[in-house]
Structure formats: C-alpha cells, structure tokens
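Visitor: Could you walk me through how the parts of this model touch one another?

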Amino acid sequence: MTDVLKLDHVTKRFGGLTAVGDVSFTIKEGEIFGLIGPNGAGKTTIFNLITGVYTLTEGEISFYGDTLAVKDPYGDSFMDGLKRRFFFKALKPNQIAERGITRTFQNIRLFKKMTAFQNVYTACHRSATYGIFASFLPFLPKYRREERMLKEKTETLLKLMGLWEVRDMVSANLPYGMQRKLEIARALALDPKLLLLDEPAAGMNPEETIALMDLIREIRDKFQISVLVIEHHMDLIMGLCDRLYVLNFGKFLAEGRPEEVQNDPAVVEAYLGSPEEMKELGGVKDA
Amino acid sequence: MNVFLQQLINGLSIGSIYALMAVGYSLVYSILNFSNFAHGGVIMLGAYFGLYAVNLIGAPFLGAIIIAALCAGLVAVTLEKVAYTPLRKRNAPSLYFIISAMGASIFLENIVIVTIGPTFKTYPELIDKTPISIGSLHVSRLDLMMFAVAAVSLILLVLIIEKTKVGLAIKACSYSSRGSSLMGVNVNRIIFVIFLLGGLLAGVAGMMFGMRYTVYPQIGVITNKSFIAAVFGGLGSLPGAVVGSLLLGVIETFAVAYGESSYRDLVAFVLLILVLVIKPSGLMGKVTEDKA
Amino acid sequence: MYFDWYYIEGILILVGVNLMVVLGLSLLTGFTGLFSFGHAGFMLIGAYVSAICSMNFNMPFVLAMIMGALAAMAVAAFIGTFTLNLKGDYFCIATLGFGESMRLIFDNLDYFGGSRGLPGIPMKTTFPVVIIVCVIAIVLMTCLIKSRHGRNMIAIREEELASQAIGINVFKYKMISFVISAAFAAIGGVLYAHYLGYLQPLMFQLTKSTELTIMVIFGGLGSIGGSVVGAFVLTFIPELFRAFSTWRLVIYGAVVVLIMATRPQGLMGGYEFTDFFRWIKRKITGKKYETPALLKEEGEQS
C-alpha cells in the first residue's frame, strides 16, 4: 500500500511552548487513521500544520511522496520577519486543498448565512473552469453546462450525507449534528484524496454517532480516500479506525491497532492518570 | 546644527500633542479592538470648550485646560453610551463600530458648523509670545508649555494605569475582556473609564492644538494624523502610541523644514502605508494570530 | 424648494454617479467583507485621468471612460498587492491612507491643475448616458455575484479560513474584488467629472469615502438591490433638502449612528428585490415555507 501522508519528526513551537513535539506517523492508502489524546494534546495543531495554517518549526510533511511542508528557517527577529515575508514560500492552505487534502473544523466554520445547498455549491468551484470574464456572460454554453454540473454534484453530495431535505435551510440554523455533516459534504466537494475530520461526532448522541461511523466508512469506500480523524468518543474511534496514534502534551504516547492501544498502560495512565499524578496536577490536567 | 535642534524641539512639542490624542485611540483599541474615529470630534470640541472657557468665563490657562478636559471627557462618555453601547450589547463586528464612529464624527463636526459656524477662531494670548533664548536657540514658551502639559498628563495616565486597581482592571481587559468579566471585573465600568480618560486627554490636546494653531470645525481631519501615529506605534499599545507620535511629529517637522511644505500631510499617510506594509502590527502592537 | 425637470435630472445624475461607486463598494464590502475608506481616491483617479483624456487627447467619451477605469484598476492592483494581506481594521486604515494621499498628491500636481482645480472638462454626462451605464453596471455586477467567482467572494466574507480550506485563493479573490470595485468607482468618477465640467481634489476627501461606505451599509450589506436603494435615498433626499444644507450633515451623522444602533444590517441586508417578490407571491398564494420532515421529527419529540 502506498503512503498517503507522512509526518516526519514534526515539531511546532509557539514562542517557548511546544505544542507538537517530534511527531512521526504514516497514513496508508484507504486507511482510517485516528488521532487521539487528552484536550490540549496538540491534535488540532497537527491538522493546522498539515493544512498549512501554521508553519512547521522542525520536520517535514509529505503527501504521496511530494513535500507538503518544510520547516520555517527564520526566527522571531524583525529582519527574519521581513525575510520570511519575502523569501519563504510555504504552500498556502488553498494550495494544499487543491492537492487533495480537505478538512472539517472542530469549532464549526460553515458559511453561516448561506443555505446548506449554497455551502456545498460554493465548495464545488474547482470542478468548473470558466474564467472571470465568462462570469459576465452567463448565457454562454460552457457556463451553463458547468453550472448545471456543479448543481448535480452538489445534489449527489447532499443526498449522500442525508442533507438533501434541508438544503434550503440557512446553515447556521441547522442542528449541530447536521452542521458537522454539512462540513464533511463541503470537504468532499473538492474530490480529496485525504479527508481530515476534526471531532466529527462532537455534540452527537450515541445513535447519531453510530450512524456517522457507517457514513465515514461508506465515504471512504465510495470515494476511495483515506481519512484522518480526531475524536474524543472512544466508541467511535475504537469501532472505526484501522490504526491509532495517541498524543499527550504534544508528544508521542502510543501507536497501533485500536485494541493494542486500548490496553497500553501509558495510554490508560494518560487518560485516567495514576493516583500520584492526580494529586500532583491538582486535577487540572485538561488545561 | 542649530536649525536641526530647533526643528527637533518643534517636532517633539507637536509630537507630544499627537501623543495625547493617540493615547485616546490606543486606549479604546486595546479593549474594544476598533479604531474610534469619533475621537477627532472630541478633540475638536475640547478646543472649543477651552476657547469658550477663556473667552466667556475668563478662565486662566490652567483653569481652561481643566474645563476643556472635563467637558471633552463628558462628551466622550456620552458618545460611548449613545453610539457604542448598543453595538457592544449585540457583540457587533468591529467594523460596525468604525461606521458608527464615522457617523458620530460627521455629526460632531457639523453640529459645530451649524451652531458656532465654520469660521476660524484664535485663542487670546495666554502665554507670553517672546521666545526663551538658550544660546542661539529660540524656543517658544508655548512649545515648552505644550511639552510640559503633555508630559504631566501622560505621567498621570501611566500612574493611573500602573498604580490603581482600575488600571489593573484596564490591563486585564486589554488581554481579554471576557475573561476579566468572568473574574468579576465590571467591563462596562472599565469601558466608561477608558472613554473618560481618553476624553480628558483629548480635551487637553484639543486646547493645546487650538492655542498653537487655530480652532475650526475640521480639526478632526488633522487629528487623523495622531491616529496614524497610534498605528505607527502599534494600535493598542500605550508606549507605542507615545513613541509613534513623537516620531511622527519629528519626521513631519523635518519633512517641512527640508522638503516641500505642501507635502506635509502626505508624509504622515505615506508613513502609514509603509508601516502597514512592512510591519502591520506597528512598532509595539499586539499581534493576534488567527486560530483554527 | 421648487421642482423642475432640469433640477431633478441633475440630482438623478448624481444618484447615478454615487450608484456606480456604491456598486463597486458593495462588491468589496458587502460581498467580500473588506471595508474601504479610500474609494474617493479611485473616483479621483478615474475623474482626472478621463478628464485629461477628453481635454488633451480629444478621446471619445467611451474611450476616456475606459482609460479612467484602467488607470484605477492598475493603481488598485498595486495598492492591493501590499495591503490585501492586512487583517480587519488595518486594511481599512490602509485604504484611508491611500485615499487621503491620492488627494494630497493631486493637490500638488500642476499638470492636473493642482489644488486650484481643473476647469473646462467637456460636459458629456447626460441623463441617458448615466442610465445606460448604470443599467449595464447592475447587470454585470449581478452576473458576477451569481457566478462561481462571486460565490467564492461571499465565502471569503463568511469564513476566511474555511474558504481557504476548500481551495479558494483568498488573496486572488480579494484582489479581483478590489480591482473590479476600483474600476466601478473610477467610472463613477468619470461620470462625475464630465457632469460638473470641473474638478478639484477637495471634492474627494475622506468624508466622501465615508459617505459612500455609509450608503452601502444603509442599503444593506450583501445586496445589490440594497446598494441601489442606499445610493438613491442617501443622494436624493439630502439634495432635495439642500435649502437646509447646514443641518443636512448633522442629521446624516445622527442617522448613521441610529442605524448602526438599531438595524446594522441595513434596509435590505442580504436580501434582493427578487426575494421580496417571492415573499409577496407566498403571501398571495398562502403557501408557507415548509419545515423539512427531517427536522420536524426532531422538533416534535421535544
């Protein structure tokens, strides 16, 4: 199986704080890969590094063998800031999305005032090719053909996610679970090769969570993509993922198949804490 | 060399007045995160209050300053209540605040035009015009006085912020007003205080500005330059506002002395764009990073 | 106050001039989410360049208009390269600086008449010309908004980070929006120059930019219909009351503060006239918007 995404000794520091330290893992093609860890372990930071929102402090990320992100060689001084501005060419989030990595957000970031339909319709934009001048001439056959195609694509995606009935609702008014599904639909609109899901089941009840598990598998099989998922719901993670990577305070804790990880004493301790540690930390582990 | 020193002193004295104004912009920005363009209107009113205190009541220099400051402070606080409180209650985006501020500044400018008239007015001579001579340097007493008044006001402000409980609360709010309110800080009161402080300084600045030049309803346009100084130093940072203002005052004075005087105002705007391009957060501004 | 067609026509031409700029601003502010306090600067460029083209080079009106728009677009592209990366307030401060510097620069350029002004521009802006230009502009703008490029701009307004995540080149679309909006503002300036026959940098002060932005807000952000209404109401009514011109701006300022305090989304924020017609149709036919069955079940449980 080919490697889809490879993180090689990835480190991200904010000032003196190491948010992610020396993380390495590889996602294989067609895999559903779980990223778990207590709050503040640096999971979302890893997403932001992969999607180019942040720049790396150390290490390298590659996607299907191509380099996606390398470390930022400049420091914090004024001159380094200038140099970074003019010489450091990191891939922008939109370029990474074009290469085939799309994501959802932990704190939902839908286009709030648009309807569900418009959200996905907008995201399909890469499937059309007409230029900016053609948009002033909407009667041209190319324009009409492509717009019709976009609408059909949107319809397929919304039906798949079970959102077709609510297509005309303003997305901010949708129930929480549907908003999360809509984000997935929007991410799929770009025909990604790797889908990053940031806590897709947050705010869902147990039945919805189980349905979501099936849905994610269905998506994986139908679009033949790989999935990287961050989640807190242990049921979902254990039932869904092929492999897991566990983070604690930005550092590697464990890696392997769900049942291996589940019985790893280090993981148990990180989640429940050893009695002495509980006292030491005064119960503020999640800060 | 003498010309150089002379210009430097001129630049510092006008820069210190810019500083009084810029601090008002920065105080508001540090907590509410928007540029209060109505501040120019408050400064302009301060100049008029000072003028009328002198002309009608015959107040002495210091008395007039205090009257101007108090009245301007009152205006600033009223402005906050009328124009910004409804927006704050709704958590409106900062750009709505800017629009409201623009509206308020149009209102203030034109209410003065309607009631007092658009004509230029000058202060009577409150301070002896004869310059003080140190060697071959001639420093006008007014310039010295401006510098002294500005310095005293700014020191008072720093004392309030550094030494009092209210000051501590202001600093806390500038980090996170939500967090501070959860810790029991009455954010409404803090916002009242910063508008009051900004207004008091605006009154002082307005009167000094009016004494140095003239008083007219469009002073607010000139005071936009002090806003630029605040951006230059970094919006939301008080030391930044002061340093930026002094720098702007000096640079501007030199540009006029050694260059074309008609480009005087242009200097400020070109500087603004340069700063924004090279270091968008200004010399000492707070950096905000977008969180995903 | 007296009414005759000549007077009304003059006001309507001014409405058209403002409408052009407001349409441009609406694209930038209402649909892309960038606020500008420097559009008077683009108006100024369009006005002066076209005036020189008409006077010194005897170009036909249409060509002069295109030259004015192109000049503004070039300047916008240049300014945008440096400023469009700025966040929130800082961008609108930069545009403020740009607008004011444009005015101050033209104050000092003798070729353009300096601060004394530029007289003798041929008066080519007639009422039919304004109508034609405005109708074309509205149609073009509507087409743009409805296309995939327009949708991308709206996405940027709604959620910048998410639009990057779906592969939208935020900088590129901000640039397109900025340049097109500068072109619209410039054409407004062209019409203005050839209506007055006389130009002076003072006409394009910060207050002018503010007034234009206020028209967009008043009409409602994210609505082309709203921009038309905003430009019409806020140009027409103050002009009618020119007799009380001193009080005009006082009321203007107060109204702005009042609107922001009570209805900041403007008269028709986010809605178009077509939505209104649809709403009337629903009222007449008595058909209500149906809650999708999916949601109904959830609602009934509670």
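Visitor: How many residues of chain B are in contact with chain C?
Guide: This is a predicted model, in which local features need pLDDT of at least 70 and side-chain atom pairs count only at pLDDT 80 or more, while totals for chains, interfaces and linings use all residues. Residues are numbered from 1 along each chain as its sequence is written, and chains are lettered from A, with ligands numbered from 1, in the order in which they are written. With contact defined as C-beta atoms, placed from the backbone, lying within 7 Å, 36 residues of chain C meet a set from chain B that numbers 37 residues.

Visitor: Which element gives the largest share of the side of chain B that touches chain C?
Guide: Helices (H or I, at least four residues) and strands (E, at least two) are DSSP runs numbered from the N terminus. The elements of chain B that give two or more residues to this side are α3 (61-89), α4 (94-115), α9 (219-233) and α11 (264-278). The largest share, 15 residues, comes from α4(B).

Visitor: What separates the centres of domain 1 and domain 2 of chain A?
Guide: Chain A is divided into domain 1 (1-100 + 192-287) and domain 2 (109-190), with bounds that come from an automatic or database domain assignment. Taken over C-alpha atoms, the separation of their centres is 28 Å.

Visitor: Which element gives the largest share of the side of domain 1 of chain A that touches domain 2 of chain A?
Guide: The contact takes 11 residues from domain 1 of chain A and 8 residues from domain 2 of chain A. On the domain 1 side, two or more residues come from each of α3 (93-99), β7 (194-198) and α7 (206-223) of chain A. The largest share, 3 residues, comes from α7(A).

Methods. Two residues are in contact if their C-beta atoms, placed from the backbone, lie within 7 Å.
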